[in-house]
Amino acid sequence: MFRTIRWKSKTVGVASLLAVTALAAAACGGGNSGASAGSEQTELRYQGSVGQVTPAELAADLGYLGPITLKWIGNTISGPQDIQAAATGDTDFGGAFNGAVIKLVAAGAPIKAVISYYGVDKDSYIGYYVRDGSPITSAKDLIGKKIGMNTLGAHLEAVLDTYLRQQGLSADEVKQVVPTVVPPVNTEQALRAGQIDVAALGGILRDKALERGGIHPLFSDFALYGTFSAGTVVLRKDFIAKNPRTTKQFVDGVARALEWAKTTPRAEVVARFEQIIDKRGRQEDKTAIKFWKSYGVAGQGGLIQDTDFTRWIDFLRGRGELKKDVVLTELYTNEFNPFRPATGS
């Protein structure tokens with residue numbers, strides 16, 4: 001059973017009418033319209049990441065989620081899988097690369113992005129690394145080679161594809177490069193063992209690998225695009241319609257947690273992360289968290305920009321991967337973000 005709380009508001013209508021109205025609002029992409037003025041769900045199921053602290057987990061620990069509690073149901077290494085779980089109702093929220101969000105919405109999934117949660121900056125970026133002495137020095141050298149990454153159809157494959165095309169490879173040549181799924185914690189080892197030719201490494205796993213030496217970058221997403229927000233947290237549209245106050249509290253808390261992480265000294269943030277990992281008792285190695293530098297989210301409070309999606313809409317359309325055209329209002333809303341401009345969406 002989900003835990004619910006009765007928010008301070010006037011109860012109107014009857015349960016059956018409210019349920020129908022909420023579902024109708026969800027089908028139309030509505031936010032607050034049709035929402036129940038009574039009980040709302042405040043226990044939110046989610047998937048985590050081994051040895052990492054998500055912005056939502058940080059928000060909960062900082063006390064920014066108010067009456068909302070988070071229920072961890074397991075870990076994932078795949079953004080597309082995470083938002084698929086949210087779309088099917090196996091979890092209440094998930095996060096992924098914006099290109100994966102676009103594809104899922106285009107396929108008819110009833111989800112909407114509500115806040116950015118990771119991005120790329122000078123400290124948080126994905127580099128594509130080769131071993132020192134590797135014969136790979138250019139995009140052409142990647143033909144027939146294996147590039148290790150956490151999942152297919154998401155951020156890392158999109159960046160790889162963009163790099164290859166920018167460097168002049170034909171569509172047929174791009175198809176001969178082999179993106180290969182490797183769990184993030186094993187990617188460095190797979191590169192050093194020669195099981196893959198290039199390793200996509202980011203954040204703490206990248207910095208640990210560089211500290212050990214023997215590898216160097218071929219290119220990075222930061223070099224290609226500069227600073228940008230890359231992924232968003234999504235909720236089901238019917239969840240938003242039925243739980244507008246919970247949605248607002250959740251987005252507010254995550255937004256404030258992102259700003260706390262930006263403005264708090266790094267050593268204090270890392271110490272907080274270590275405490276969170278200890279308290280949740282999942283028997284994780286904390287070594288990697290010491291290398292954390294930022295969530296990389298551009299802008300304030302995880303506000304979503306049109307360009308966070310239009311860049312990838314154009315990219316996916318060029319690859320013929322969009323099942324139908326999508327408009328920005330179908331994809332995201334800043335309605336619940338406390339940092340949105342007074343006249344913004």
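Start by selecting Ile147: across from it, in β10, stands Val198. Strands and helices here are DSSP runs (E of at least two residues for strands, H or I of at least four for helices), numbered from the N terminus. Before going on, note that this is a predicted model: local features need pLDDT of at least 70, side-chain atom pairs count only at pLDDT 80 or more, and totals for chains, interfaces and linings use all residues. Residues are numbered from 1 along each chain as its sequence is written, and side-chain values use heavy atoms, with hydrogens and water left out.

Now widen the selection to β8 (146-149) and β10 (198-202), which pair in the parallel sense over 2 bridges; pairing takes at least two bridges found by DSSP.

Next, show the whole open sheet, with 5 strands in the order β9-β8-β10-β7-β11 and mixed pairing.

Select 155-166 for helix α5, which lies across β7 (126-131), β8, β9, β10 and β11 and runs at about 70 degrees to β7. Angles go from 0 to 180 degrees between N-to-C directions, with axes fitted to C-alpha atoms, for helices over the stretch in contact; contact means heavy atoms within 4.5 Å.

Is α5 mostly covered or mostly uncovered? Mostly covered: 10 of its 12 residues are buried, that is, under 20% relative accessible area with a 1.4 Å probe, counting protein chains only. Among them are His155, Glu157 and Tyr163.

Last stop: Gly168, which follows α5 and has a positive phi, near 95 degrees.

Technical notes: Buried < 20%, exposed > 50% of the residue type's maximum accessible area, 1.4 Å probe, protein only.
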